[in-house]
Amino acid sequence: MAKFEWDGKNFVLSEKQNIKAGDFKKIKAAIEENTDIIINRWNEYFNN
């Protein structure tokens, strides 16, 4: 389990448990590569 929180500029890791280093690297890369999409979808869902 990994929990990231948005600080207004970046996603910051707030909690991590039982994730292999390689898997965590992939998760972090996916979040970094898709930050704009994540934020846009969040805003579309919650600002309607």
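## Aromatic pairs

Under the ring-pair criterion, in which rings of Phe, Tyr and Trp (its six-membered ring) pair if their centres lie within 6.5 Å, with planes under 30 degrees apart counted as stacked, over 60 as edge-to-face and the rest as tilted, the count comes to four aromatic pairs. The rings of Phe4 and Phe24 have centres 6.1 Å apart and planes at 10 degrees, so this pair is stacked. It links distant parts of the chain, with Phe4 in strand E1 and Phe24 in helix H1, 20 residues apart; helices (H or I, at least four residues) and strands (E, at least two) are DSSP runs, numbered from the N terminus. Ring pairs also link Trp42, Tyr45 and Phe46 into a cluster.

## Basis of the model

This is a predicted model, in which local features need pLDDT of at least 70 and side-chain atom pairs count only at pLDDT 80 or more, while totals for chains, interfaces and linings use all residues. Residues are numbered from 1 along each chain as its sequence is written, and side-chain values use heavy atoms, with hydrogens and water left out.

## Surroundings of Phe24

Phe24 counts as buried because its relative accessibility is 13%, where buried means under 20% relative accessible area, exposed over 50% and partly exposed in between (1.4 Å probe, protein chains only). The charged end of Lys16 sits over the ring of Phe24, 4.4 Å from its centre.

## Loop residue Asn18

Asn18 is found in the loop between strand E2 (11-16) and helix H1 (21-33), and its phi is near 55 degrees, a positive value in a residue other than glycine. Asn18 counts as exposed, because its relative accessibility is 81%.

Note on methods: A charge sits over a ring if NZ of Lys or CZ of Arg is within 6 Å of the ring centre and within 35 degrees of the ring normal.
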